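Subject: Structure handover

Hello,

Here is the structure for your files. Please look through it first; my notes follow below.

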Amino acid sequence: MDGCSLNLTVSALACAIAKGKSEKDISLLAVLFTQLGDSLATIAAGNAICCDDNSHKGEDTLNIT
């Protein structure tokens with residue numbers, strides 16, 4: 001799926017989810033999905049740093065100093 005198709009699909013999904021919901025419900029869903037995306041990005045970045053085969057062999061935890 002190319003970027004434009006993905007964008008249209010996500011927009012259509014957002015419209016379908018929002019249909020019939022109050023502004024408060026839509027706002028809550030928006031922040032929940034934003035948090036979900038941010039958490040997934042944090043997990044992916046942490047895994048890339050600590051678990052990448054090309055860096056820090058032997059280390060399997062994220063060390064921030």
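**The largest pocket**

The largest pocket is lined by Val-10, Leu-13, Ala-14, Ile-17, Ala-18, Ile-26, Leu-29, Ala-30 and Phe-33. Two elements each give two or more residues to that lining: α1 (3–18) and α2 (23–51). Helix α1 gives the most, with 5 residues. The lining divides into 9 nonpolar residues, no polar and no charged. The space in this pocket is about 180 Å³.

On terms: the search runs on a 1 Å grid over the protein atoms alone, and a pocket is an open set of points where a 1.4 Å probe fits, with protein on both sides within 12 Å along at least five of seven lines. Lining residues have an atom within 4 Å of a point. The volume is the space filled by probe spheres set on the points, which are joined across faces, edges and corners. Nonpolar covers Ala, Val, Leu, Ile, Met, Phe, Trp, Tyr, Cys and Pro; charged covers Asp, Glu, Lys and Arg; the others, Gly among them, are polar.

**Basis**

This is a predicted model: local features need pLDDT of at least 70, side-chain atom pairs count only at pLDDT 80 or more, and totals for chains, interfaces and linings use all residues. Residues are numbered from 1 along each chain as its sequence is written, and side-chain values use heavy atoms, with hydrogens and water left out.

**The chain**

The chain has 2 helices and 0 strands (DSSP runs numbered from the N terminus: H or I of at least four residues for helices, E of at least two for strands). Of its 65 residues, 3% count as buried (under 20% relative accessible area; exposed is over 50%, partly exposed in between; 1.4 Å probe, protein chains only). The accessible surface is about 5600 Å², with 64% belonging to carbon and sulfur atoms (Shrake-Rupley method, 1.4 Å probe).

**Two lining residues**

Leu-29 is found in helix α2. It is partly exposed, at 25% relative accessible area. Leu-29 touches Ile-17 and Lys-21, leaving aside residues up to four places away in sequence (contact: heavy atoms within 4.5 Å). Its C-alpha atom is 9.9 Å from that of Ala-14, 15 residues apart along the chain.

Ile-17 lies in helix α1. It is also partly exposed, with a relative accessible area of 30%. The C-alpha atoms of Ile-17 and Leu-29 are separated by 9.0 Å, at 12 residues apart along the chain.

**Cysteines**

How many disulfides does a search of the whole structure find? The count is 0 (a disulfide is a pair of cysteine sulfur atoms within 2.5 Å). Cys-50 is in none; the nearest cysteine sulfur, that of Cys-51, is 3.0 Å away. Cys-50 is buried, at 11% relative accessible area. Cys-4 counts as exposed, at 60%.

Best regards
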